[in-house]
Amino acid sequence: ISDQKPLGCWSVKHGQILTCPVVCNFETHEYIAVHDDKVLRIWKNEDINLDKAFKATLSADVYRIHSLPQGGPVVLFRGGAVRTLDVLLEAPQQEIENVLSGEVIRWSGAFMEGQQPVLIFTTEKDGDFFVYVQKPKLSSLHRYKLEPQESAKPLCFTAHITNQTVTLLCLYSNDSVYQVLIPLQHDTEEEEEKAEEEEILSKSLLLNLSVSGAVLKGTSLVVLDKDHIAVLGSLAAPGKEPRECLTIWNTKFQTLQTSKELPLGTSGQLWSYEEKFFLIHGKVLTVILYKCETSSLAAAVGKLKDSQTPDVSLFLNWNTLEDEELVVSFQSQESVALKAESTMNLRSRRSTVAGEQPATLPVGQLLLNLKSASTYVLEKELKKLMAKAPTPDLQATIGCVVTALTDRCKGNPKYYPQSFLQQIVETHELSYSLCPDLMAVALEKNDMPLLQMCLERFPDIPEEVTYTCLKAFLSMSEAHLQTLDVNVDSVICYIDVELDDKEVKTEIVENGFSAEMDQDMCDTKLPEESHFRSHGASCPVGLQKAALLNAVLHSAYTETFLLPHLKNLPAQQAILFLRYLYYLYVKCSEKVNTTLPGIRSPTINQIMDWMCLLLDAQFTVMVMLPEAKELLSNLHRFVRAQVRFYSELNKIEGSLRELQRLNHLRESQTYSIEMLEII
């Protein structure tokens, strides 16, 4: 999540629709999907084409697949039948019984009770709600009717199993949460007779979602532990506009522990997995780490004694590197401790989850104390802080330091510690997610050397930022770049520069390319003065700009996300960038091993990938521009010559291997002259 890079992407064919969420089989490390209700697909991470993945067409529509770490995948059909995946794959076309009679499934969940998977799902029919508890491996099924509620109906459900008892929580439309207890039955003849009679489940009021006159209109809820639940919804106060919020409630003492306003809106869905919340906030997937500790009345009403944290909320740590977060101590608190992490900051501070790393307090306290300190004092203390940082928290500490510096830069436009920031990036292994504002500040200040370092070192730069850097590099004048301290180690070994800063035009003989051999390949006649363009003999950009562009070539990207941005690149800049890529391509072709000399020089694969990506994004524009016609034609000629050359090499590959074999057989101390006929 922190890298913002998809690790895999698979698509169904046009017209096909994924009809239930994809799950992972923990035992086999495979993905399982269902499209068009009945078609089951199973594939592994290394599989590329979903159409070639395992396919099985089932005899009934699938509602949901649940995957359990120890119990394996369980398939719930729309008709209420349940099968384990293993049983289903033995005979995909096996007959699936219809358990439900006119009922529609509203919610389902899977759990482990001992060694047995348990599937629970709720259904609705004519305003009545029913609960089914099924153990698929034991072919055990129990049906219950939920006690009706006047003028209110359940909106969503969640459940957990403790001590052979299912606790079903129901969020109702009257802004209340009800609890239903269902004992896990062991099938006996007596119980089977009772099962024929419809048992009505009574419910008890667990929580009213109102506080100080404000009412929470909940849309989703999850269980945190036996005493705490999280509810996502819209908080409506008298005389105020409703606000979407994530709230944490103590069900034991009926109190609202904490809430966080979500101004960008949500999808109404909330997920919880391994002490992390997942929710859509605006267009961003937000991850919130939480930790539940023993509930107490003092914690519930905010009266825990803690001399270090007066007048500070004891349950909340929402902000990322804000003043409240830097001050709050989570030591020895018996409460729900929360730490909000944006998608950009999840990985970098995994070790600073609330209550687990008390050592983060001095860092936060120091940064808060230095907020108004002078520049000299700030940098001096930050250098001391980095030097004293313990090894496990080093990255998190450096991230705090960089964020403190960039915050000051944004607050004071005249302040910019260029050398200090460059020193931090150069000497410490950072990532974009640790300090997301750093590159934005560097772009604002036109700090090209720092951007170069970030592009070469950060593994998780978003494609939009990479594009912004590329555009800035291409638009900056050569005269201004020559005044900057740009690292040119990646280009100095293959670009010859004269004293007047004009590239030396050296005669190049590319692998397999000659004018005579290629005359018949293209009908376009080129003027002699464009010789350097046709053969790529001279670099179209200066030394500094070439080094900056090389840094962009090194930056990791995902084609799907970068392509839309490259389409917005101005035409002249796109042509200049393509000329430089063509120049690099020709330079690589001069070498037998197609490797450019120098430190962090771009590889042939990086050059080709960017060239193809740029042509995909800008091809229509380039075809229409007269100044791009020669470049495209020359590139086409050169590539065809390369293809022809390697094709000829392939023809004599067998003879070359035979020569190599004979060399191994020949005695090294004997002298001989041999004539080999290559046919």
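Colleagues, the model is predicted, so local features need pLDDT of at least 70 and side-chain atom pairs count only at pLDDT 80 or more, whereas totals for chains, interfaces and linings use all residues. Residues are numbered from 1 along each chain as its sequence is written, and side-chain values use heavy atoms, with hydrogens and water left out.

I begin with the whole chain. The protein contains 20 helices and 25 strands; these are DSSP runs, helices being H or I of at least four residues and strands E of at least two, numbered from the N terminus. Of its 679 residues, 47% count as buried, where buried means under 20% relative accessible area, exposed over 50%, and partly exposed in between, with a 1.4 Å probe and protein chains only. Areas come from the Shrake-Rupley method with a 1.4 Å probe, and for residues only the protein chains shown count as cover. Contact means heavy atoms within 4.5 Å; among contacts between residues at least 6 apart in sequence, 57% join residues at least 24 apart.

I turn next to helix 10. This helix spans residues 448-457 and is mostly covered, with nine of its ten residues buried. Among them are M448, L451 and L455. Which elements do the buried residues of helix 10 pack against? They pack against helix 8 (418-427), helix 9 (438-444), helix 11 (463-475), helix 12 (478-481) and helix 15 (543-554). At the start of helix 10, a side-chain oxygen of D447 comes to within 3.3 Å of the backbone nitrogen of L450.

H66 counts as buried because its relative accessible area is 13%. Beyond its neighbours within four places in sequence, H66 is in contact with G72, P73, V74, S108, G109, A110 and L119. With S108 there is also a side-chain to side-chain polar contact, at 2.7 Å. A polar contact is a pair of N or O atoms within 3.5 Å; within protein, one must be able to donate a hydrogen and the other to accept it, and residues adjacent in sequence count only if both atoms are side-chain atoms.

Finally, the surface. Y646, L649, I652, L656 and L659 form a nonpolar surface patch, with about 370 Å² of accessible area together. Helix 19 (626-651) and helix 20 (653-665) are the elements that each give two or more residues to this patch. Y646 belongs to helix 19 and, at 36% relative accessibility, counts as partly exposed.

Terms used:
Patch = residues over 30% accessible without salt bridge, like charges linked within 9 Å, V, L, I, M, F, W, Y side chains within 5 Å. Salt bridge = Lys/Arg side-chain N within 4 Å of Asp/Glu carboxyl O.
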